[in-house]
Amino acid sequence: MDFVVTVLQDFFDLDFDEANKLMLRIHHEGKAVCGSCERDEAERRVSNILALAAKHGHPLNCTLEEAN
């Protein structure tokens, strides 16, 4: 859970309280919208988050979805 909070803070510029609330939502609901940005930036973030999670042995998943 701490790793997810750190990722949310580092990649989505959330403060600790916002990141913690979002982490709990992800934990309880299985997923949540973490941010919105241009496609190129979103693809870069997803790639970097997945690489960081793998490097640290965390089973964190991150996906990109087109906004409606």
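Author: A crossing is left-handed if the near helix is turned anticlockwise from the far one by less than a right angle, and right-handed if clockwise; by that rule, H1 passes H3 in a right-handed crossing. This is a predicted model, in which local features need pLDDT of at least 70, side-chain atom pairs count only at pLDDT 80 or more, and totals for chains, interfaces and linings use all residues. Residues are numbered from 1 along each chain as its sequence is written, and side-chain values use heavy atoms, with hydrogens and water left out.

Reader: Why are H1 and H3 called roughly antiparallel?

Author: Helix H1 (residues 2-12) and helix H3 (residues 39-55) pack at an angle of about 150 degrees, with their axes 11 Å apart. Angles over 145 degrees count as roughly antiparallel, and H1 and H3 therefore fall in that class.

Reader: Which residues of H1 and H3 meet?

Author: With contact taken as heavy atoms within 4.5 Å, Phe3, Val7, Phe11 and Phe12 in H1 meet Arg45, Asn48, Ile49, Leu52 and Ala53 in H3. By class, this contact has seven nonpolar, one polar and one charged residues.

Reader: What makes Cys62 buried, and how is Cys34 classed?

Author: Buried means under 20% relative accessible area, exposed over 50%, and partly exposed in between (1.4 Å probe, protein chains only). Cys62 has 17% and is therefore buried, whereas Cys34, at 25%, counts as partly exposed.

Key. Axes fitted to C-alpha atoms, helices over the stretch in contact; angles between N-to-C directions. Helix = DSSP H or I, 4+ residues; strand = E, 2+ residues; numbered from the N terminus. Parallel < 35°, antiparallel > 145°, perpendicular 65-115°, else oblique. Nonpolar A, V, L, I, M, F, W, Y, C, P; charged D, E, K, R; others polar.
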